[in-house]
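Biologist: Please take a close look at one part of this model and describe its surroundings.

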Amino acid sequence: MPKLTENVTWQEIDGELVVLDLSRSVYLTTNRTGAFLAKQLRDERDRDELVTSLVAEYGIEEHVASSDVDDFLDQLAQEQLLA
């Protein structure tokens, strides 16, 4: 189950999110969709739950939500922001 690492903090600004890894001084900014997904990760949702919540929140097709979730999780993993 994906979740943000313990050293990660964030600040929401106008619906967008700035994610900061305090231990490595690495940061990532997200759009509104990324902010929504990051908040879902705080509740330790699995990939399928993230897809379902994205479909429900934005009314998009499941294959689009699935691709968006995979891209978001891949980006977090590349930045080593997932535990």
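Modeller: Take alanine 65: leaving aside its neighbours within four places in sequence, it is in contact with Val51, Leu54, Val55 and Ile60 (contact means heavy atoms within 4.5 Å). The model is predicted, so to speak of local features requires pLDDT of at least 70, and side-chain atom pairs count only at pLDDT 80 or more, while totals for chains, interfaces and linings use all residues. Residues are numbered from 1 along each chain as its sequence is written, and side-chain values use heavy atoms, with hydrogens and water left out.

Alanine 65 belongs to helix H3, residues 62–78 (helices are DSSP runs of H or I with at least four residues, strands runs of E with at least two, numbered from the N terminus). Its relative accessible area is 0%, which means that alanine 65 is buried (under 20%; exposed is over 50%, partly exposed in between, with a 1.4 Å probe and protein chains only). Between alanine 65 and serine 53 there are 9.0 Å in space, C-alpha to C-alpha, and a separation of 12 residues in sequence.

In H2, Leu50, Ser53, Leu54, Glu57 and Tyr58 meet Arg32, Thr33, Phe36, Leu37, Gln40 and Leu41 of H1. The residues of this contact comprise six nonpolar, three polar and two charged (Ala, Val, Leu, Ile, Met, Phe, Trp, Tyr, Cys and Pro count as nonpolar, Asp, Glu, Lys and Arg as charged, the others, Gly among them, as polar).

As for the whole chain, the elements run β-β-β-α-α-α from the N terminus on, and buried residues make up 35% of its 83 residues.
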